[in-house]
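Hello,

Here is the structure I promised to pass on. Please open it first, then read the notes below.

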Amino acid sequence: MEQKLKKRRLFSMFGRSQGRMDFSILLVVTVLCAFGLVMIFSASYYYAQHYSGANYDGFYYLKRQAIYLAIGYPTMLLLSMLNYRVIRRANYIALGISVLLLVAVLIWGQNLNGGKRWLNIMGISIQPSEIAKFGMMIFMCAYMAKHRKEMKSFRYGMLPMLIVIGLVAGLIILQPNMSMAVIVAFIGVVLLFLGGCDIKPLLVVGVLGIIAVVILAFAQPYRVARMTSFRNPENDPQGTGYQLLQSFYAIGSGGLFGKGLNNSYQKLLYMTYGESDFIFAILCEEFGFFGGMLIILLYAWIVFRGMMISMRCRDRFGSLLAAGISIVFGFQVFVNVAVVTGLMPTTGQALPFISAGGTQLLVFLAAMGVLLNISRDVNPYDA
């Protein structure tokens, strides 16, 4: 009898649902990861050869990304087989770990560029805010799935979630990392809307949030400079507008079809963070407008399929989680592209699967694994 119970538990954790996995998402993620390795090598090789932090090794960023991909890709496949309902049971653990990491980075974090955003654990640098985005999301989805009826109530539905959002966003602001805090708050409000909260109090919260962002933005001179320089970067071409102007040069010189792989000029020590935050500019320079649009369409396909999975999922927690993953993913892509093209002030948001960066690669691959598992639980006639 005990052996049968153990088998049932094991099956409940790893057993497949009635639906089939959405292989189109898996295919697109695989293509983006492979293309990301190519772009990281192209964008970073020259810079890494001249940078002491990379030990003057042109393959430095490529090797690091390949290691994280070798860990993250199998993790995605494993999570695609692990029943996502197990995650629901660990919602308090997910939030607790997120908060602990955010507190730890304030105490023991590496001070880089005037902020503590990175935590070194056993020689590995992680960015707790990337983990916290999904930790908060898992907790919110689990809470809203359990308290579906109470979500119309401000006191028992919205208020507890606002406290969680405020806690996570507040700890991120203390790093300081205002852009990530705004993203976390935005994601939280969207999840509240999807969770069934009344629109009127949500609008009030949104207005108050915008006022708070404006106050925080103008509280520090460097934030004011960022908020204003992106509109007219040519006014300070050697200062606050330098990076954005180099991005414009890269995108503009790429034309419709680009200069070809490895033929970017801006990566030759003109543009900083060309392998990470501004890799989309290098991509457009080498593959042109059509190359950039193709990548955006691949991202859009993941978001589209994710939202379809959310609408067709038979479980409320799975539906909310699929929507949350899709929204976080899509918003991250939007922010990165908007920054590179001058539609938003400069922030440090990576382009998923393509930018160099271990934490964001591992986190987004894990999120895709969960999304793939939820895709198994859709109505087989709607898949």
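Predicted model: local features only at pLDDT ≥ 70, side-chain atom pairs only at ≥ 80, totals over all residues.

Start with α8 itself. It covers residues 178-194, 17 residues in total. At 1.5 Å a residue the helix should span 24 Å, and its end C-alpha atoms are 24 Å apart, so the two values agree. Its buried residues are M178, S179, M180, A181, I183, V184, I187, G188, V190, L191 and L192.

Next, the second largest pocket. It holds about 1,000 Å³ of space. Its lining has 37 residues. M178, A181, V182, I183 and V213 lie nearest the centre. Which helices supply at least two residues each to this lining? They include α8, along with α7 (154-173), α9 (199-217), α10 (221-229) and α13 (316-340). By type, the lining has 25 nonpolar, 9 polar and 3 charged residues.

Now the cores. The largest nonpolar core has 98 residues. Inside this core, L192, F353, I354 and M368 have the most contacts. Helix α13 gives the most to this core, 13 residues. A separate core of 5 residues lies apart from it, and includes L101, A104, L119 and I126.

Last, M368. What does M368 touch, leaving aside its neighbours within four places in sequence? Its contacts are I25, V29, M76, I302, I325, F329 and F353.

Best wishes

Note on methods: Residues numbered from 1 in each chain as written. Heavy atoms only, no water. Helix = DSSP H or I, 4+ residues; strand = E, 2+ residues; numbered from the N terminus. Expected span 1.5 Å × (residues − 1). Buried < 20%, exposed > 50% of the residue type's maximum accessible area, 1.4 Å probe, protein only. 1 Å grid on protein atoms, 1.4 Å probe; cavity = no way out; pocket = protein on both sides within 12 Å on 5 of 7 lines; lining within 4 Å. Points joined across faces, edges and corners; volume = space filled by probe spheres on them. Nonpolar A, V, L, I, M, F, W, Y, C, P; charged D, E, K, R; others polar. Core = buried A, V, L, I, M, F, W, Y, C linked by side-chain atoms within 4.5 Å. Contact = heavy atoms within 4.5 Å.
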